[in-house]
Amino acid sequence: MRTVTDPDHSILMGEAISCYEICENDFAYNLICVAQQKHLSLILISLPEESGDFVWNHLQDMEIPDEDARCHKIAFSPDTSLNCTPNKVTICASIGKCGMTLFHTNLNQFSSVQSLRGHSNYVNDIAWVCEGELLASVSDDFTCKFWNITTTFENVITFCLSSAGVSIKNHPEDPNKVLVAEKRGIIHLYNVRSKQTVVSVESPKFPLMSADWANSNRLFVTALAGGDIVTWDLSRPFVPADIKQVHEDGGRIVRFAPGSTEIAMASIGRPDLTLKVFVAKSTVPLVESPLKTYGGLAWHHRLPYISAASDKKLYFWKVQIK
């Protein structure tokens, strides 16, 4: 009989959560953007290690321009900061079938919205690359696109893929490269400046639903494909370093723990829509918890907490990793 891990903390929102993201930036690492049916909510948390208690505050709501369109993905700009006057928050959200929207706010009086158009199908993932100079996106239209968001807000580079793009990731130590994962199981490392493929790896199973690039070691890449978590060491890319069967009926998302010295990862999949957290070489989960619905998965970038959204709640689990 499996052991269920109860969450340590939770936040109840007013509506069901479609997706969310926790900011990775040093000056806004407790800022969270939560997408609901008609708006994006910015909330600020404080964890017990920081203040003695778990506390959260609602900061602002930003209306979704098309209230009938669902938000699929959120990404914070790397220049988002709560340590300047006025505050600066920039978010890109994938909304509806093929749209992306930039939201700018100072959390007070000023807010603006800018649309990006160019994809012809659903945008599955977004990342800020080249130290925030470009925005990158992957879509069901078999493309990876890069956007100039400093001046023209136009698509400036397009890489054609052989299947739907499901994940795109940057790395703080290698700002000119991006990791692009395709649904058919191929993961490419691209150099954006030279517009060349650096290396590609292929999963033994597909469909590939999610991929991630380890912040703690840029040689490690992982993917969730056919219910297995497949991990590669890019110094030896021809054969996966580890294959772990985690979700028998398929997975939705996988994420590396950002700051731990040991490689740890969290995933959500089926049966029963379950969150699991493992260290790399173990098959025994550190955290295992069923969820009612899927609304996203994210690590806190300073403290060892994994979070997941289910229905109207955002849950947090403290994870015992080194």
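Colleague: How many charged residues does the lining of the second largest pocket have?

Modeller: In this predicted model, local features need pLDDT of at least 70 and side-chain atom pairs 80 or more, while totals for chains, interfaces and linings use all residues. Residues are numbered from 1 along each chain as its sequence is written, and side-chain values use heavy atoms, without hydrogens or water. A pocket is an open set of 1 Å grid points over the protein atoms alone where a 1.4 Å probe fits, with protein on both sides within 12 Å along at least five of seven lines; lining residues have an atom within 4 Å of a point. Beside 9 nonpolar and 7 polar residues, the second largest pocket's lining has charged residues numbering 8.

Colleague: Which residues lie nearest the centre of the largest pocket?

Modeller: Its lining divides into 22 nonpolar, 8 polar and 10 charged residues. Of the 40 lining residues, those nearest the centre are Glu24, Asn170, Pro172, Asn215 and His301.

Colleague: Is Asp8 buried, exposed or partly exposed?

Modeller: Asp8 contacts (heavy atoms within 4.5 Å) Phe316, Trp317 and Lys318, leaving aside neighbours within four places in sequence. Its relative accessible area is 44%. Buried means under 20% and exposed over 50% (1.4 Å probe, protein chains only), so Asp8 is partly exposed.

Colleague: How far does the backbone nitrogen of Lys318 lie from a polar atom of the Asp8 side chain?

Modeller: Asp8 and Phe316 are 308 residues apart in sequence, yet their C-alpha atoms are 5.8 Å apart. From a polar side-chain atom of Asp8 to the backbone nitrogen of Lys318, the distance is 2.7 Å.

Note on methods. Nonpolar A, V, L, I, M, F, W, Y, C, P; charged D, E, K, R; others polar. Polar contact = N/O pair within 3.5 Å; in protein donor to acceptor, adjacent residues only side chain to side chain.
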